[in-house]
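Here's a quick tour for anyone meeting this structure for the first time. Have the view open and follow along.

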Amino acid sequence: MSARGHTQRIRGPDLAPTAWPAPAKLNLFLQVTGRRADGYHELQTLFQLIDLCDTINIAPRSDDRIERPAGPANVAPEADLTCRAALALQQATGTRLGAELRVHKHIPQGAGLGGGSSDAATTLLALNHLWDCRLSLDELARLALPLGADVPVFIKGSSAWAEGVGERLTPVDLPPAWYVIIYPGVGVATREVFQSPELTRNSPVITIRAFFQSGGRNDCEPVVRARSPEVAAALDWLAREGSARLTGTGSCVFTARESAADAERLAARVPDRWMSFVARGLNTSPVHEQLRQRGQRT
C-alpha cells in the first residue's frame, strides 16, 4: 500500500517504534432522533472515555509502505481501520513516509466500545505527529469521519456530548466514575441494528441538563435484546445489581459504581461464561496526554 507526494524526512530517533494507547468508550445514552435522506441516522449520545485501551506500536518508515505485521487475525490488513487511517493521512498530506503498525487488541470487537474507531484515531494522531504533518484536530476529525462516525470523538480526545451522526461534539467534564462492563461473548453488527425496522427513529431531542436529570435511554437496546439472547441475559443479570445499559449498538453492557473497590466486588460476581472489565472514566484521552508529553499541541 502506498501513496505519492512530496518528500519529507524523519530524524533517526523518530524511526524507533513507540507504543500508543487507543482508549475505549461507553455511550452513557443513545437516542435516535431522525433519519436523513442519505440513510444515516441523526442521534444524540454522551461519549464517556474509559481507561480500557488497545495498544498500537507504530514505527515510521522512510519509504511509503503501510504494513500491519500484527493485528486481529479476523481482520485483513487492507480492511483494518489503522491501515485505512494511515493511507488517508498519506493521501491528504502527500507525505511519502510510511509506517509499520502492530495492533494489540484488548477491547473486544463488535462490542460497542469503539475499539476499531479508537485504533484509527490513535493512528491518525500519532502519525500526524511522527510524520510532522501538522494537521489540526479539526482537519484530522474531518479526515476521520469517513472511517466511522465514532472516530472524531477519539480524535478530539474528550468525553463529549454528540449530535448529528456523532460528529458534532461538545466536550463534557463528567464526574469520577468506575464502570463494570460485561462482554457476553457475542458481537453485534451496527449496520443490522440501524437497518432494523423496529428501531425507534423519532426520539425527542433532549438537552444535556435533561439527560443528567433523567439519564436518557439507548434506543438500540430493545433491538439488540430481541436479537441476542446472550446480551439480554447479561442486561437482566446486571439490572439485578443496579442500573444496566447497553453501550452503542452493543454487545457490551455496563453499570456505574462510585469506587474501584465497589466495581471490583461486582465484577468478581459476574458469571464465568462472560468476560468482565473494570474501567475508570476519563475526561481526556491518554493519546492526547502522550502527545503533550512529546511536545505536540493538541
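## A strand with two partners

Strand E7 (residues 178–183) and strand E10 (residues 275–282) run antiparallel, joined by six bridges. To spot the pairing, find Val180: its bridge partner in E10 is Val278. Keep in mind that this is a predicted model.

E7 also pairs with strand E9 (residues 253–257), again in the antiparallel sense, over five bridges. Here Ile181 is the one to look for, as it stands opposite Phe254 in E9. E7 is mostly covered, too: five of its six residues are buried.

## What sits over helix H8

Now over to helix H8 (residues 229–239). Its buried residues are Val231, Ala232, Ala234, Leu235, Trp237 and Leu238. Among the things covering them are E7 and E9, along with helix H7 (221–227), strand E8 (245–246) and helix H9 (260–268).

The peptide bond leading from Gly250 to Ser251 is cis, with omega near 25°.

## Two helices side by side

Next, look at helix H2 (residues 115–130) and helix H10 (residues 286–293). Their axes come within 10 Å and cross at roughly 10°. An angle under 35 degrees counts as roughly parallel, so that's how H2 and H10 lie to each other.

Who does the touching? On the H2 side, Thr122, Leu125 and His129 make the contact, and on the H10 side Val287, His288 and Leu291 do. That contact splits into three nonpolar residues, three polar ones and no charged ones.

## The nonpolar core

In soluble globular proteins, nonpolar side chains tend to be buried together. The largest nonpolar core in this model has 41 residues, and those touching the most other members are Ile58, Ile66, Leu89, Leu124, Leu127, Trp131 and Ile155.

Take Leu89 as a way in. Setting aside neighbours within four places in sequence, Leu89 is in contact with Leu124, Leu127, Asn128, Trp131, Cys133, Leu135, Leu140 and Leu143.

Finish in the loop between H2 and helix H3 (137–144), where you'll find Asp132. Asp132 isn't a glycine, yet its phi is positive, near 60°. Arg134 has its place in the loop between H2 and H3 too, and this non-glycine residue has a positive phi of about 65°.

Are these two buried or exposed? Asp132 is partly exposed, with a relative accessible area of 40%. Arg134 counts as exposed, at 67% relative accessibility.

Terms used:
Residues are numbered from 1 along each chain as its sequence is written. This is a predicted model: local features need pLDDT of at least 70, side-chain atom pairs count only at pLDDT 80 or more; totals for chains, interfaces and linings use all residues. Side-chain values use heavy atoms; hydrogens and water are left out. Buried means under 20% relative accessible area, exposed over 50%, partly exposed in between (1.4 Å probe, protein chains only). Helices (H or I, at least four residues) and strands (E, at least two) are DSSP runs, numbered from the N terminus. Two strands pair if DSSP finds at least two bridges between them. Axes are lines fitted to C-alpha atoms, for helices over the stretch in contact, and angles run from 0 to 180 degrees between N-to-C directions. Angles under 35 degrees count as roughly parallel, over 145 as roughly antiparallel, 65 to 115 as roughly perpendicular and the rest as oblique. Contact means heavy atoms within 4.5 Å. Ala, Val, Leu, Ile, Met, Phe, Trp, Tyr, Cys and Pro count as nonpolar, Asp, Glu, Lys and Arg as charged, and the others, Gly among them, as polar. A nonpolar core is a set of buried Ala, Val, Leu, Ile, Met, Phe, Trp, Tyr and Cys residues joined through side-chain atoms within 4.5 Å.
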